[in-house]
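Thanks, everyone, for making the time.

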Amino acid sequence: RAPGPVHVAPRFARLAWVSLEARCSQAHNGLTHLPFRTTRIAGDRRLYDAAGKMTRKPKRKLPASPSRRDSPLEPYHGHAAPSPAQCLAVRDALLAFHGFPDEFAPFRLLRLGLSPEDEGDQPAPRPTVLDGLVTTLLSQNTTDAISRRAFASLKAAFPSWDQVVDEEGMGLEDAIRCGGLAATKAARIRAMLRGVREKRGAICLEYLRELSVDEVKRELSQFKGIGPKTVACVLMFYLQKDDFPVDTHVLRITKAIGWVPPTATREKAYIHLNNKIPDDLKFDLNCLFVTHGKLCQSCTIKLGVQKPKDVKAVCPLARYCCIKEEIQE
């Protein structure tokens, strides 16, 4: 039996009701009680009961703010370290122990607004952004000294980047073979150079100097083989931007001194450390962490001092270590 007519308050007379045919069909299927219905008025998603009384108003989801949408979320909300004071103390301790590393000194001068030739008799040209990117690509899975040798070999074989793109043989791969993974690196370098030329009309990345950090990340991350660490190195060394790359040494040391959780991945550690470390300390700390990671495993031997039984006695980070085991310097 079809249900009788439903009486509606006058103020709800404008609402579109469920048709009698639909109610009859539901009654036939045993669904004779219809406590709720959704109105059919465009833009109105509220629910009403059979008497026309509004039962609830669904919550509207607010759009994300631009800042939340553009910046990566903090992966370790409950991890307070490092504080600005801790960053400064560790920087000063490492600086007193190692001095500032000579290999990074030219980049430090550039950040201070000086040119490398201002500090020496032999003027050195300012590295281009593209040279820096290719050098960083060549440094993957090898030492800095070997990657520099591979880059010098590449520049000697190909005076211009257009020649690298247009060359169809094995010349590029042969030129960088001393750096290891020659086939993979050659393919990535050539693809990147070709992409830049197709997009910009010329093989040049100097326009990146005018972009923000996030814009540079978007520009460079579109190329295969250029990951967060490579982009961060280009930002910090060749664009003089405030960023903090995380390599194997940095990840290992920051885990040992409690700046990131023991289970932190390189990607999440990169986000956390960039959020926590003050911009004016990022460059010095990063260079010192890399240097310390290279030297501290046998730093006393390399410095010409007999290695004591307790390595922590000579490690400036020993007192910051938050784990029971020795720091794996």
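This is a predicted model: local features need pLDDT of at least 70, side-chain atom pairs count only at pLDDT 80 or more; totals for chains, interfaces and linings use all residues.

In soluble globular proteins, nonpolar side chains tend to be buried together. Here the largest nonpolar core has 37 residues, and those with the most contacts inside it are Phe237, Trp259, Leu285 and Phe289. If you look for the elements that give two or more residues to this core, you will find α3 (84-98), α11 (228-238), α12 (248-256), α13 (266-276) and α14 (279-295), with α14 providing the largest share, seven residues.

Let me stay with Phe289 for a moment: once its neighbours within four places in sequence are set aside, its contacts include Val90, Leu94, Val250, Ile253, Trp259 and Leu317, and among them are also His249 and Thr254. Apart from this core lies another, of 35 residues, among them Leu138, Ala186, Val196 and Leu211.

Now, how many cavities of 30 Å³ or more does the structure hold? There is one, and the volume of the largest cavity is about 40 Å³. Its lining is made up of Val196, Lys199, Arg200, Leu205, Tyr207, Glu219, Leu220, Gln222 and Phe223, and these divide into five nonpolar, one polar and three charged residues. At least two lining residues come from each of α9 (182-200) and α10 (213-221), while the largest share, three residues, is supplied by α9. Val196, then, is listed both in that other core of 35 residues and in the lining of the largest cavity.

Note on methods: Residues are numbered from 1 along each chain as its sequence is written. Side-chain values use heavy atoms; hydrogens and water are left out. A nonpolar core is a set of buried Ala, Val, Leu, Ile, Met, Phe, Trp, Tyr and Cys residues joined through side-chain atoms within 4.5 Å. Buried means under 20% relative accessible area, exposed over 50%, partly exposed in between (1.4 Å probe, protein chains only). Helices (H or I, at least four residues) and strands (E, at least two) are DSSP runs, numbered from the N terminus. Contact means heavy atoms within 4.5 Å. On a 1 Å grid over the protein atoms alone, a cavity is a set of points where a 1.4 Å probe fits but cannot get out, and a pocket is an open set with protein on both sides within 12 Å along at least five of seven lines; lining residues have an atom within 4 Å of a point. Grid points are joined across faces, edges and corners, and a volume is the space filled by probe spheres set on the points. Ala, Val, Leu, Ile, Met, Phe, Trp, Tyr, Cys and Pro count as nonpolar, Asp, Glu, Lys and Arg as charged, and the others, Gly among them, as polar.
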